[in-house]
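Hi,

Here is the model I promised to pass on. Have a look at it first, and my notes follow below.

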Amino acid sequence: MALYGWMLLAPALILLITFAFIPAFETVWASLYSKGTLRRPSHFVGVENYLSLFSDPAFRKVVTNNLIYAGITIPVSIAIALGMALWANAQIIGRGFVRAAYFTPTMLPMIAAANLWLFFYTPDLGVIDRITALFGFPSVNWLGQQETALYSVIAVTIWKEAGFYMIFYLAALQTISPELREAATVEGAGRWTYTRRVVLPLLAPTTMFVLVNALINSVKLIDHLFILTKGGPDNASKLILYWVWEMAFAYFDTPQAATMTTLILVVLGIVAAVQFAVLERRVHYR
Amino acid sequence: MAFIELQNATKKWAGAVGIDNVSLSIAKGSFVVLLGPSGCGKSTTLRIIAGLEQPDQGRVLIDGRDVTGVPPSKRGISMVFQSYALFPHLNVAENIVFGLKVRGVGRAERDERLETALARTGLKGYELRKPAQLSGGQRQRVALARAIIADHPICLMDEPLSNLDAKLRHSVRQEIRSLQRQLDMTVIYVTHDQTEAMAMADVVVLMKDGKIEQAGSPASLYEEPATAFSASFVGTPPMTLLPASGVPEALLPQPPQAAAKENLILGIRPESIRVTAGSANGLQGTVQNAEFMGAETFLYAGTAAGPLIARLPGRVSRAPGERISLEWDRGDAVLFDKTSGRRLESNSGNAGQKRAVTA
């Protein structure tokens, strides 16, 4: 019987070990060694890589960027998704069209979406500048200046993510029995009271799920950076994972990249654990 | 004077009739049951009275006030839903006081009324449970408690017992009825189960195809069915309907006028039927099945005129296939017009005729 159980587990276990656990451990291991060159082979350095990382101003810049990025994209895209879902779930004309329209950005690959937004942001020729020019505003190089680069990238992410999260909210809204609304109506609850006292609590498990996803995406979704800014100008829009990629494959500083990756793993693990532990108690599951 | 009044209410949906020109008046403090098969418009009627649905035509009056177009919360009603519609994220106490909270009733009064409602519905000790942790019967009580805590004079119930098992249904039925009497509520209760209607109602309103078929006390519905449909819907087992032409002359009541036998349907209650071994005057039949119920036996027989159910006292042993003769007093049988379905009064045919005209 035990053998049978292991046989059922085997495919998932083998794949996970080969492609997730072994690389993860190798990464942690690699972060403890120095960078090897032809003349000086790599040797064990302990936490030295971590120390040099913490003292790197670029590291601080990138982490700050990512915190701003997450701090804005997560709440804004969830709020927009919830709003759109509540609206698209209501009895409105052309409901199917509204849903499809909201969902379109999600179906596009991130690279394609970024290319699209590149056209929007292009100085002088882009859609945004054309529109602002109508009102007499000067041309702005949205992606090319430090003040706006990060926020322009954030806007693209929100545009892309909100529709995706909306689908989860829509699905959850469909499971709420219309009789609950009627019961609330009979009890004297208006639209807003019903939403706040009944709908939002019942959507809490979905919000929880979306929150975890949004948090993970805020770290792992960097495709658009390659098209839009490449992290520039002067690291103004550089995110952690892009920086890791740069270190590993542009500067070939594997130990430094491994160090950073290890940190990401640890932080994401802690955040996920806290989220589930804290919110689990406050969220109602049916 | 009527407390709740529905005047010529009509509601149509694309391709389907909800209700068609329904007028209804309900006295204060009465227990009215809207009865009928599914799709007859009973729920639509209730929802129009509740204000969850707006009639295309017609008016709703509550206590003399025209409430057509007034939102449900301003009609002085509470409602019990078929699925109970409890808020799954709130516990029993929060569910019950939901309406009071929304209306901004103070904490002290809320707690006091919660206590009363809990006591009335026997839910003490369950305050902190979530609906998912309750049995079907307990959930039903929570829905009931939520309905009575508001102290509204009117309570609307949409098939509140249909999710309970038969045994529980029987006891909850009586609890609802005694609660209604205690609180002097006017209850409008929707069901498709005629037993519930007969057991609970002051007035039964039988509906069919969006129209009121017959309204009256349970006894009058049973004893004086206005139509063949009423006759066959009310009573367990229902009234047997046979074409008059297939029934021996001795068993036929006197038709009002010289109506052709082909146009008449004879109705006979199961308990009026007697079974004799071999009488030439009776309706000849064959036993198909006998159901022993304890105090009585239901005998299913096939005859030349059609199938028939007889309700015989005590235990009756009849083997399937046995030939029997069925008899009844002609005064116990009723006649219906085949085309209109209306009942024909045996001697004074006017009442039946008049009704037939309005239909």
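How many helices and how many strands does the secondary structure of chain A come to? The count is twelve helices and zero strands, where helices (H or I, at least four residues) and strands (E, at least two) are DSSP runs numbered from the N terminus.

Some housekeeping before the rest. This is a predicted model, so local features need pLDDT of at least 70 and side-chain atom pairs count only at pLDDT 80 or more, while totals for chains, interfaces and linings use all residues. Residues are numbered from 1 along each chain as its sequence is written, chains are lettered from A and ligands numbered from 1 in the order in which they are written, and side-chain values use heavy atoms, with hydrogens and water left out.

Back to chain A. Its C-alpha atoms fill a box of roughly 80 × 75 × 30 Å along the principal axes. Of its 286 residues, 40% are buried (under 20% relative accessible area, with exposed meaning over 50% and partly exposed in between; 1.4 Å probe, protein chains only). Take the contacts (heavy atoms within 4.5 Å) between residues at least 6 apart in sequence: 67% of those in chain A join residues at least 24 apart.

A cavity here is a set of points on a 1 Å grid over the protein atoms alone where a 1.4 Å probe fits but cannot get out, and lining residues have an atom within 4 Å of a point. The lining includes A:T73, A:E161, A:Y165 and A:N217, and α3 (57–89), α7 (146–174) and α9 (191–220) of chain A each supply at least two of its residues.

B:V172, B:R173, B:I176, B:R177, B:L179 and B:Q180 are buried in α5(B). They cover an arc of only 160° around the axis (from the directions to the C-beta atoms), which puts them on the same side of α5(B). On the other side, B:K167, B:R181 and B:Q182 are exposed. The partners that the buried residues pack against include β3 (31–35), α3 (107–121) and β8 (186–191) of chain B. After α5(B) comes B:D184, with a positive phi near 55°.

Cheers

Definitions and conventions: 1 Å grid on protein atoms, 1.4 Å probe; cavity = no way out; pocket = protein on both sides within 12 Å on 5 of 7 lines; lining within 4 Å.
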